[in-house]
Amino acid sequence: MLLFAKGLDDYMLPCLWKQTFNIDCMGCGMQRSISLILKGEFVAAFFMYPAIYSLIALFSYLLLHLKFQFKNGHRIIFGLFLLNISIIVISFIIKTFLTN
């Protein structure tokens, strides 16, 4: 798995938003964060992209809900969605406007 993660770094997509406007987008860092998780660097992955673990929880629960049709699954998915949007927007604001 570590060899796969090292090879993955060579094929990361560039951020067109960052290349065009010279500022990070709200998704900048997600690919590197996934790469860090595959390398076992879990804390570094969180600091690279704070919403990574809540996104993993959202997509995992979404797949389980599609398979098992939980009774109130749609409410939990909506709550996880709001949580993720909040984390992404807040971390973007902090990274863009409050740290420099």
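Predicted model: local features only at pLDDT ≥ 70, side-chain atom pairs only at ≥ 80, totals over all residues.
Reader: Is C28 buried or exposed?
Author: C28 counts as buried, because its relative accessibility is 7%.

Reader: OK, pockets. What lines the largest pocket?
Author: The lining includes the cysteines C15, C25 and C28. Also among the lining residues are M12, L13, P14, K18 and R32. About 200 Å³ of space lies in this pocket.

Reader: Which element gives the largest share of that lining?
Author: Helix α3, with three residues.

Reader: While we're on α3, which of its residues are buried?
Author: S33, S35, L36 and I37. Just after α3 comes G40, with a positive phi of about 90°.

Reader: Where does D24 lie?
Author: D24 is in the loop between α2, residues 16-21, and α3, residues 30-39.

Reader: What does the D24 side chain pair up with?
Author: With the side chain of K18, through a polar contact of 2.8 Å. Leaving out residues up to four places away in sequence, D24 touches W17, K18, F92 and K95.

Reader: What about phi at Q69?
Author: Q69 also isn't a glycine, and its phi is positive, about 50°. Q69 sits in the loop between α5 and α6, the latter being residues 73-98. At 54% relative accessible area, Q69 is exposed.

Reader: H65 next. Which helix is it in, and is H65 buried or exposed?
Author: H65 belongs to α5, residues 52-68. H65 is buried, at 11% relative accessible area.

Reader: What is H65 in contact with?
Author: F70, G73, H74 and I77, once neighbours within four places in sequence are set aside.

Reader: Zooming out, how many helices and strands are there?
Author: Six helices and zero strands. Along the sequence the pattern reads α-α-α-α-α-α.

Reader: What does the C-alpha trace span?
Author: About 45 × 35 × 25 Å along its principal axes. Of the 100 residues in the protein, 24% are buried.

Reader: How about contacts between residues 24 or more positions apart?
Author: They account for 38% of the contacts with a separation of 6 or more.

Reader: What does the chain do over 42-64?
Author: There the chain is 87% helix and 0% strand, with the end C-alpha atoms 24 Å apart.

Reader: And over 76-98?
Author: That stretch is 100% helix and 0% strand, and its end C-alpha atoms are 31 Å apart.

How values were computed: Residues numbered from 1 in each chain as written. Heavy atoms only, no water. Helix = DSSP H or I, 4+ residues; strand = E, 2+ residues; numbered from the N terminus. Buried < 20%, exposed > 50% of the residue type's maximum accessible area, 1.4 Å probe, protein only. Polar contact = N/O pair within 3.5 Å; in protein donor to acceptor, adjacent residues only side chain to side chain. Contact = heavy atoms within 4.5 Å. 1 Å grid on protein atoms, 1.4 Å probe; cavity = no way out; pocket = protein on both sides within 12 Å on 5 of 7 lines; lining within 4 Å. Points joined across faces, edges and corners; volume = space filled by probe spheres on them.
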